[in-house]
Amino acid sequence: MPSAQLTALHNELKRAFDSPAGEQKCAPLLAQLKVRLAEAGLLLPDRNAKLEDLVFTREILEIGAFWSIRTRNVPSFDRYFSQLQTYYTDYRSLLPPSPREFPILGLNLIRLLTQNRIADFHTMLESLPQRNTDEVYENPYIKHPVNVERWLMEGSYSKVWNAREEAPAEEYKFFVDSLMGTIRNEIASCEESAYDSLPLKDAATLLFFTNKSDVVTFSQQRGWQVDFVSETINFATKGEEKIEIPKQKLIAANLKYARELEQIV
Amino acid sequence: MPEADVEMKPAADDKAAEEKASEESKETVPPTPVEEIKASIALIERAVTTLEPRFTHRVLRSLTSLKRKIDFSVLRDAVNDVYSKDTLVKESLLAWLPPAPAVEASMEIDQAPLPQKTPPPQSDPLPEAEVYLRLLILTLLLSSPDTHAKSMEMAHETVEKIQAWNRRSLDPLAARVWFALGRAYELGGELADVRPLFLSAQRTASLRRDDECQAVLINLLLRNYLHYNLYDQADKLVSKTTFPTSAGNPQLARYHYYLGRIKAVQLNYTAAHTNLQQAIRRAPPAKTAPGFFQAVHKYFIVVELLMGEIPERSLFRHPVLEKALTGYFEIVKAVRTGSLTQFQSTLSTYAGQFSVDRTYTLIVRLRQNVIKTGVRRLSLSYSRISLRDICVKLHLDSEEDAEYIVGKAIRDGVMEGKVVHEKGWMECGSGKNAYGPEVSEVFGRRIGYCLELHNESVKAMRYPLNAHRKELAAAEGAREREKELAKEIQDGELDDDDGLGDF
């Protein structure tokens, strides 16, 4: 059983975490707890660790992960998540399932999406615990990032935009802003190649801006020409790039063939 | 692939020839399994004494065919024959075989003295022979579900023995024993527990440059990780180890298959495609290993679809694949026509099969490809089409979505065209010029492949040991003669000169 001191700290942390403005209070508590856990040899558990100790540590780490998101500290979330991985995979059969497991897994998925780490996103998705595939995919915490990824990939950006308010947990919203930034850039790059010109008003709707001045600043960032008279954006038409014959490469290749053929004959 | 064909066929022929020879010598009596085992042991001993692992490999190659012929009584006879004296080894081997029924027990007693009389007991058989017999017992134990626990126990004991002996000539046999151990754990459903053991063994094997064991162990570990969907760990293992290039084709095929799966999950479809293709090429013929052939092809088809290519239709008519791939065939049809509804209905019909094959998540990713193909088809058939119609034809939810999707398709280079927002339609541009620098690149890649094939085949050629000595001697002789001739000529010339001088 964890020592009395640890339990006291843990309770305090829980209280601080549940209170609305307890974010500042959490930081020192978490740091203290981590030191204590390390002293008790629980931070990196070995095979002999007791079950209740493991559950206890897992809870602290989970709170830490949530706290990191609330304070927008993604690297810290990353660390907590890697530590939790042990509990979610290696000790899966021993420990009772945690109610916070799927929210945290889902948060990690969203995080990977916002950082545009699609390959990692899919690797993560594959390695989700699969008791029953449907059960996992129907889980609201997992379903949300999975849907977002699908819409992003096929280009249904408006669906992503509409889904931003449907986040299954409060913490998901912390990622919404950066996700929207990603989407806007995606849309912008699509528009550059798909349109010759676009009315300012329509550009605003397409890019999910509510007023024109935002569109104008955004256009300036992307280097678009804004025609204020006709209120349109003109996308610089990239002239047909001249395709040059890669002479150097062709010569090198031909010389190589000659050398190899000489060796054969 | 070149290595395979060059190496395996002659060896098999050799084997057949040898069998024939041995048959002839025994007056057309086909060798009994016991005799075959004994012949194999003789070969193994020859391998040890001549330091030529080739013979051991030959024995191991015949293991599959031998497996079908043996049973416990055959093995008991073999053990009795090989170990003439009642040694500890013999007892320990016999202990693993189920006790013979009463009648057979008496037979055993009858038989035991017989071989003692006939061949004068020479030196004790080598450890390699013991491991070989153990391997045979193991394969037999593994084949029936009642003896799994026993096989695991035996595999462990055998592995410990091998590690204690630490003989390099044991390596090829050890690799097989490791494989049997992995199989035992898999059948027992306790794959996770054996991981540390495999990892340490892999370390030892790579330190000793034991290529066979290393290849087998890396594959076992990969299989282990992938069984639990631990793609991350599997990927790390791959990046931290180098797969021995000298490993046999079956191991290489497995390795490529696992690699292909990892790469496919990581969205690296091009690499996955190459790996799976290699796996198919290096795999044994479809008839001998249908399971592997089907499994690889399932992934191969999905990856090909994800790359935006349509697999060949003839693939689905292959006798071995036809039945196993029905679900995949339907998916291919849906993707080809670009119909989202058909895709969704096929997906739900075959969902069970796909999750068993573990391709479900990959197939779900195909959704965007279906849409892309749809957009592409539309762009090819219409020069101008309204977003509303696109929406209806592709079963999209709203015009807004259609606009974004078309925009993305244009950016991704799926099609050429423009969206005219004010009018709400899409104008499709002319197709791209087919000839560009990429053509020469593809050409270069193909030529490179052919050249590599040639070079590898040259490298894979085998020459009999010491055969060049004879040639050398001949060459030496020729040179000698030449020298003599030269000398004679010189002498002659000198003579001539002398003569001339005299003259």
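I worked on a predicted model, in which local features need pLDDT of at least 70, side-chain atom pairs count only at pLDDT 80 or more, and totals for chains, interfaces and linings use all residues. Residues are numbered from 1 along each chain as its sequence is written, chains are lettered from A and ligands numbered from 1 in the order in which they are written, and side-chain values use heavy atoms, without hydrogens and water.

Entry: between chains. I noted a salt bridge of A:Lys249 with B:Glu441, at 3.3 Å from N to O. This pair crosses from helix α13 (residues 247-264) of chain A to helix α25 (residues 437-460) of chain B. I also recorded a network of salt bridges that links A:Glu186, B:Lys408, B:Arg411 and B:Asp412.

Entry: within chain B. I found B:Arg134 and B:Glu157 in a salt bridge, their closest N and O atoms 2.6 Å apart. B:Arg134 counts as buried at 0% relative accessibility (buried means under 20% relative accessible area, exposed over 50%, partly exposed in between; 1.4 Å probe, protein chains only).

Entry: patch. I listed B:Glu480, B:Glu484, B:Glu488 and B:Asp491 as a negative surface patch (residues with over 30% relative accessible area and no salt bridge, like charges joined within 9 Å). B:Glu488 is exposed at 52%.

Note on methods: Patches are made of residues with over 30% relative accessible area and no salt bridge: like charges are joined within 9 Å, nonpolar side chains (Val, Leu, Ile, Met, Phe, Trp, Tyr) within 5 Å. Accessible areas come from the Shrake-Rupley method with a 1.4 Å probe; for residues, only the protein chains shown count as cover. A salt bridge is a side-chain nitrogen of Lys or Arg within 4 Å of a carboxyl oxygen of Asp or Glu. Lys and Arg count as positive and Asp and Glu as negative; His and the chain ends are not counted. The place of a charge is taken as NZ of Lys, CZ of Arg, CG of Asp or CD of Glu. Helices (H or I, at least four residues) and strands (E, at least two) are DSSP runs, numbered from the N terminus.
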